[in-house]
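Please read it alongside the sequence and the coordinates.

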Amino acid sequence: MSIPGDGNVPLVPGREAARAAAHAELSKPLYHAHDPSLWKRAVDRVWAWLGALFDHTAGAGPGGRLTAVLLLALLVLAAVAFRARLGPTRRTAGRRAAVFTEARRRGAVEYHRAANDALASGDLSTAVLERFRALVREAEERALIAPRPGRTADEFAVEVGGLRPDAAPTLTAAAEVFDRVRYGGRVGSVEHHNLVLAAVDALRAAPTTVGTVSR
């Protein structure tokens, strides 16, 4: 079916065009922002399902292509609704604000104590955050980096990872956990806390390969 007087342009897209549109929508970075591996599996499964569905509907008869397009339209509407629901969370997760937000400067020992208290009470999210803050403060107190207001977890991992290459992978993972719990709405877990604690141990054990950062 074509539009009269428009060069026989199809009124509805073909099967491959519909597939391409669905794949383009599901491949947008938005749908991979929170958990890349989980989203990749989900998109792959939806993509396979869509392929089978389009193959079936497009070959079912004269109305097959139109049915496929209608299904695609429903999928896009669902994706738009899902995007609207995830929008505020994504903006919050992408904010990557400072590690320290309180006005009063506390030492590493105080942060470690707060993390221990939160851990004992079962508040794992607070334990994760306070343990990471203790990690950053330790690096400052040992003059590995200069204290700087507004430093983010990612910036800390990059700065200190350059000074302690052996600890860099663990520091990066700990920074990601901090961001996800603090700004991404994730609930802290024992595994999250243990990862940050491992970063503390890795930083203490890593040999110095570069001179300390000047103040």
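Leu203 lies in helix α8, and in this predicted model Leu203 counts as buried because its relative accessible area is 0%, against a cut-off for burial of under 20%. Leaving aside its neighbours within four places in sequence, Leu203 is in contact with Leu135, Ala139, Arg142, Leu144, Val160, Arg164 and Ala167. The C-alpha atom of Leu203 is also separated by 7.9 Å from that of Leu171, although these two residues are 32 residues apart along the chain.

Which helix does α8 pack against at an angle of about 10°? The partner is α5, residues 124-141, which packs with α8, residues 190-205, at that angle and with the two axes 8 Å apart. Since angles under 35 degrees count as roughly parallel, α5 is therefore roughly parallel to α8. From α5, the contact draws on Leu124, Ala127, Val128, Arg131, Phe132, Leu135, Glu138 and Ala139, while α8 contributes Val190, His192, His193, Val196, Leu197, Ala199, Val200, Leu203 and Arg204. By residue class, the contact of α5 with α8 divides into twelve nonpolar, two polar and three charged residues.

Helix α5 also packs with helix α6, residues 153-163, at an angle of about 40° and with their axes 11 Å apart. These two helices are therefore oblique to each other, and their crossing is left-handed. The contact is made by Phe132, Leu135, Val136 and Ala139 of α5 together with Ala153, Phe156 and Val160 of α6, and the residues of this contact of α5 with α6 divide into seven nonpolar, no polar and no charged.

As for α5 itself, 15 of its 18 residues are buried, so that the helix is mostly covered. At 1.5 Å a residue, the 18 residues of α5 should span 26 Å, and its end C-alpha atoms are 25 Å apart, which agrees. After α5 comes Ala143, whose phi is positive, near 65°.

| Residue | Location | Relative accessibility |
|---|---|---|
| Leu203 | helix α8 | 0% |

Turning to the whole chain, the secondary structure comes to eight helices and zero strands, which read along the sequence as α-α-α-α-α-α-α-α. Buried residues make up 37% of the 215 residues in the protein chain. Of the contacts in the chain with a separation of 6 or more, 67% are accounted for by residues 24 or more positions apart.

Conventions. Residues numbered from 1 in each chain as written. Predicted model: local features only at pLDDT ≥ 70, side-chain atom pairs only at ≥ 80, totals over all residues. Heavy atoms only, no water. Axes fitted to C-alpha atoms, helices over the stretch in contact; angles between N-to-C directions. Helix = DSSP H or I, 4+ residues; strand = E, 2+ residues; numbered from the N terminus. Parallel < 35°, antiparallel > 145°, perpendicular 65-115°, else oblique. Contact = heavy atoms within 4.5 Å. Nonpolar A, V, L, I, M, F, W, Y, C, P; charged D, E, K, R; others polar. Left-handed = near helix turned anticlockwise from the far one by under 90°. Expected span 1.5 Å × (residues − 1). Buried < 20%, exposed > 50% of the residue type's maximum accessible area, 1.4 Å probe, protein only.
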